[in-house]
Amino acid sequence: MFDRLKSLIHKRTYGAMRSARRLPDPRRGQVEQKLTELGPWFHNFQLAADLWTNPGGSGPGADYPDWRWRHVRTLLPGVVGKTVLDVGCSSGFFSLKMKELGAAYVLGVDAGEQPKAIEQARFAADTLGLDVDFRTLSVYDLREIGRQFDLVLFMGVLYHLRHPLVALEAVRSVCGDALILQTITTPHDRALNEIDSATLQKVGLRSPVLMEDRFPTVRFVEGALDNDVTCWFIPNPQAVVSILRSCSFRPNQSVFPTPHEMIVRCSTQ
Ligand SMILES: C[S@@+](CC[C@H](N)C(=O)[O-])C[C@H]1O[C@@H](n2cnc3c(N)ncnc32)[C@H](O)[C@@H]1O
């Protein structure tokens with residue numbers, strides 16, 4: 001009984017938004033109808049005092065992206081007055097959070113397997129009264145924006161791409177100061193245990209180090225991963241940071257929320 005009560009209370013706080021307000025009728029009914037029309041929603045978050053985007057928890061679950069947000073927050077630089085770009089923003093939860101935290105300008109872009117993402121995100125921003133721009137744009141075309149952002153979020157996208165390094169170079173071109181990247185990985189023990197760089201500099205095709213578990217390694221997925229046909233690559237954590245370095249990022253802090261993913265904060269200096 002106590003557990004059930006606790007889980008009901010929790011459900012109500014997943015994805016809570018500071019900007020959510022009680023909506024008068026008939027506005028509330030209109031918002032609820034549009035919310036249903038625009039479904040399914042990948043992110044579950046609060047749109048109004050008593051309206052959530054995905055309370056039933058289809059897809060990644062009712063507690064997503066709430067639990068990931070808790071980890072991302074620990075890596076966030078100060079965002080007050082900063083510019084933020086959210087690449088692969090889906091229905092916009094992280095972009096909207098950045099605005100609530102005081103970012104001066106936020107742009108979310110998406111162009112992938114979630115065709116309604118931008119429409120959902122715009123509707124959410126409008127309902128919450130948050131001034132955030134959302135645009136349909138592929139990560140490969142980021143240079144078209146023609147400017148840099150203090151902070152770039154690039155979460156849950158890398159392994160969906162057929163050209164991950166090309167994408168990371170495009171992300172680097174618009175990243176002025178800091179990047180937060182999230183990706184799935186092969187199983188790890190929640191720590192980054194790298195081979196020293198001197199050894200990595202002089203690897204030969206016959207070097208035993210090449211076969212070490214700690215060597216940067218990327219698995220290719222031909223077919224589907226957990227029934228998802230949009231996934232192509234699974235890096236180990238060492239590959240994530242070495243690929244980032246090769247794209248001129250400086251990884252400086254990592255967290256490992258689960259044994260098969262990581263979130264990395266990088267600087268550009
Ligand atoms: C797993 S979701 C992650 C969403 C969000 N960033 C998060 O962390 O919850 C991946 C998102 O990336 C988008 N996406 C896939 N390929 C893309 C591309 N080439 N350019 C921009 N977005 C892309 C998808 O449409 C989808 O919204």
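Helices (H or I, at least four residues) and strands (E, at least two) are DSSP runs that are numbered from the N terminus. The structure described here is a predicted model, in which local features need pLDDT of at least 70, side-chain atom pairs count only at pLDDT 80 or more, and totals for chains, interfaces and linings use all residues. Residues are numbered from 1 along each chain, as its sequence is written.

**Backbone geometry**

- Ser248 counts as partly exposed because it has 13 C-beta neighbours inside 10 Å; by definition a residue is buried if 20 or more other C-beta atoms lie within 10 Å of its own, exposed if 12 or fewer, and partly exposed in between, with C-beta atoms placed from the backbone.
- Ser90, found in the loop between strand 3 and helix 4, has a positive phi near 55° although it is a residue other than glycine, and Ser90 counts as buried because 25 C-beta neighbours lie inside 10 Å.
- Most residues other than glycine have a negative phi, and most peptide bonds are trans.
- The peptide bond from Asp25 to Pro26 is cis, with omega near 5°, and Pro26 has its place in the loop between helix 1 (2–13) and helix 2.
- The peptide bond from Gly39 to Pro40 is also cis, with omega near 0°, and Pro40 is found in the loop between helix 2 and strand 1.

**Strand 4 and its partners**

- Strand 4 (residues 105–110) is mostly covered, since 5 of its 6 residues are buried.
- Strand 3 (residues 83–87) runs parallel to strand 4 and is joined to it by 5 bridges, where two strands pair if DSSP finds at least two bridges between them.
- Strand 4 also runs parallel to strand 5 (residues 133–136), with 4 bridges joining the two.
- Leu107 in strand 4 is the bridge partner of Leu85, and Leu107 also stands opposite Asp133 in strand 5.
- The chain crosses from strand 4 through helix 5 (residues 117–128) to strand 5, and this β-α-β crossover is right-handed, a term used if, with the strands pointing away from the viewer, the path from the first strand over the helix to the second runs clockwise.
- Strand 3, helix 4 (residues 93–100) and strand 4 likewise make a right-handed β-α-β unit.

**Helix 8**

- Helix 8 (residues 237–246) is mostly covered, with 7 of its 10 residues buried, among them Pro237, Val240 and Leu244.
- The elements that cover these buried residues include helix 6 (164–174), strand 7 (175–184) and strand 11 (261–267).

**Two domains**

- The protein chain is divided into domain 1 (2–52) and domain 2 (78–267), with bounds that come from an automatic or database domain assignment.
- The contact takes 14 residues from domain 1 and 15 residues from domain 2, where two residues are in contact if their C-beta atoms, placed from the backbone, lie within 7 Å.

**Around the ligand**

- Of the 18 residues around the ligand, those that come nearest are Gly88, Ser90, Gly112, Met155 and Gly156; a residue is near a molecule or strand if its C-beta atom, placed from the backbone, lies within 6 Å of it.
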